[in-house]
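Please look through the structure shown here, with attention to its aromatic pairs, one of its helices and the surroundings of one of its ligands.

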Amino acid sequence: MSSDKAPFISRVSIKKCATYGSEETTAAVKEAVSLLGGMERFVRPGSRVLLKPNLLSARAPEEGVDTHPEIVRAVARLVKPITPHIFVGDSPGGWELRDIEKVYEKSGVKAVCEDEGLRLVKFDKPVETKGYPIASVITEVDSIISISKLKTHSTAILTGAIKNTFGVVVGLHKAQCHLRAPMPAQFASVLADVLSIVKPALSIMDGVIGMEGEGPAAGNLRNFGLILASADAVALDSVFAMLAGLDPLRVPMIYEAQKRGLGTAELKKIEVLGENAADIRIRNLKLPKTSLLFNLPRPLIALGIKAIKFYPRIDRNKCAACGLCANICARAAVKKTGNKKMAIDTDECIRCFCCHEVCTYNAITLYKSFLFRMISSR
Ligand code: SF4
Ligand code: SF4
């Protein structure tokens, strides 16, 4: 290496993976982890390991909302020769604890746990950690492997390794975090807090089929054909942003996490291994409507959010009155109307978009305020 180059401080490996075929995913995940030195670098023999997929909702694997179960299987197969003590779990916002079984079943993760002999756990006991109700299992394991999903996100712009760690905040307590931190910069600070608690030993991203547009649940599926891995969750998300043509530091959670020293977002300090980044660019990634605000100069973003509002709106024809949106809403802004449908009280709404995220019927869309429609003519 010539002396004028900055030394790499983080590494991100990338392998192509076109389908969720079991052999193909196992090989791609294995190669991505091998490029980082192999699973032995991240898991000690006989230790207790938690695999933390992104299970947002009770959605089938082909819906592309949750981490695909075959990626969970592929990671588990790398860990099993090192230790038999493998736990798997997540805590989706909006879901009552008693209903979490539905998420595990529908996502296909329960079946993989049964096949592979993994212990599926519920994040039921919160332990107060640095001011957050964190699932007790986090304190009981020796290491955590985050298995995120490559998607866009209406609140965070992108969702990947950093955002996946927020799942350890127990169930409906997540709503209180949104209430405490309604602005994107504040919520990015919450995500950085939680990342600093979880500290995954290894982060793997399921980018085989991900989501663009109105993610993380109501966007369009897109075949990216990629598996990414890194010991540095911030670097992993930064490479995802870079591949999509975004400046990582424009993504609030990446900016905040790097500012806190939780990882690096400086691309010149990240070594990309495996695929050539130029060959796997994610061209024309469709971002959520809300991301328009993040094109403003940073000091103006908060002002822009106040002036240019997005609101969630429930499509009554699609709404099944399941109540998930009301469960997650920390402001009790979602109310039942007379005909058993739901409606949102925009005066109460803090526009955290948690309701949009949890709706399994894609019945909640985000619409722009009248002022913004006038300005943008869109
Ligand atoms: S909007 Fe969606 S989450 Fe809310 S009650 Fe209707 S179907 Fe359920
Ligand atoms: S109604 Fe508003 S405050 Fe309630 S969850 Fe939805 S976006 Fe958040």
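**Aromatic pairs, a helix and a ligand**

Phe166 and Phe187 are both buried in this model, which is a predicted one. Their ring centres lie 5.2 Å apart with the planes at 90 degrees, and the pair is therefore edge-to-face, since planes over 60 degrees apart fall in that class. Phe166 belongs to the loop between helix H6 (161-164) and helix H7 (173-180), whereas Phe187 belongs to helix H8 (residues 184-198), so the pair ties together parts that are 21 residues apart in sequence.

The structure holds two aromatic pairs, and Tyr311 and Tyr367 form a tilted one, with 5.9 Å from centre to centre and 35 degrees between the planes. Because Tyr311 lies in strand S12 (residues 310-314) and Tyr367 in strand S15 (residues 364-368), this pair ties together parts that are 56 residues apart in sequence. Tyr311 and Tyr367 are both buried.

Helix H9 (residues 233-243) has 11 of its 11 residues buried, and it is therefore largely enclosed by the rest of the structure; among these buried residues are Asp237 and Ser238, as well as Phe240 and Met242.

Ligand 2, finally, sits in the second largest cavity. The residues around ligand 2 include Cys329, Cys349, Cys352 and Cys355, together with Pro312, Phe353 and Arg351, and by class this shell has 10 nonpolar, no polar and one charged residues.

Note on methods. Residues are numbered from 1 along each chain as its sequence is written. Chains are lettered from A and ligands numbered from 1 in the order in which they are written. This is a predicted model: local features need pLDDT of at least 70, side-chain atom pairs count only at pLDDT 80 or more; totals for chains, interfaces and linings use all residues. Side-chain values use heavy atoms; hydrogens and water are left out. Buried means under 20% relative accessible area, exposed over 50%, partly exposed in between (1.4 Å probe, protein chains only). Helices (H or I, at least four residues) and strands (E, at least two) are DSSP runs, numbered from the N terminus. A residue is near a molecule or strand if one of its heavy atoms lies within 4 Å of it. On a 1 Å grid over the protein atoms alone, a cavity is a set of points where a 1.4 Å probe fits but cannot get out, and a pocket is an open set with protein on both sides within 12 Å along at least five of seven lines; lining residues have an atom within 4 Å of a point. A molecule sits in a cavity or pocket if more than half of its atoms lie within 2 Å of its grid points. Ala, Val, Leu, Ile, Met, Phe, Trp, Tyr, Cys and Pro count as nonpolar, Asp, Glu, Lys and Arg as charged, and the others, Gly among them, as polar. Rings of Phe, Tyr and Trp (its six-membered ring) pair if their centres lie within 6.5 Å; planes under 30 degrees apart count as stacked, over 60 as edge-to-face and the rest as tilted.
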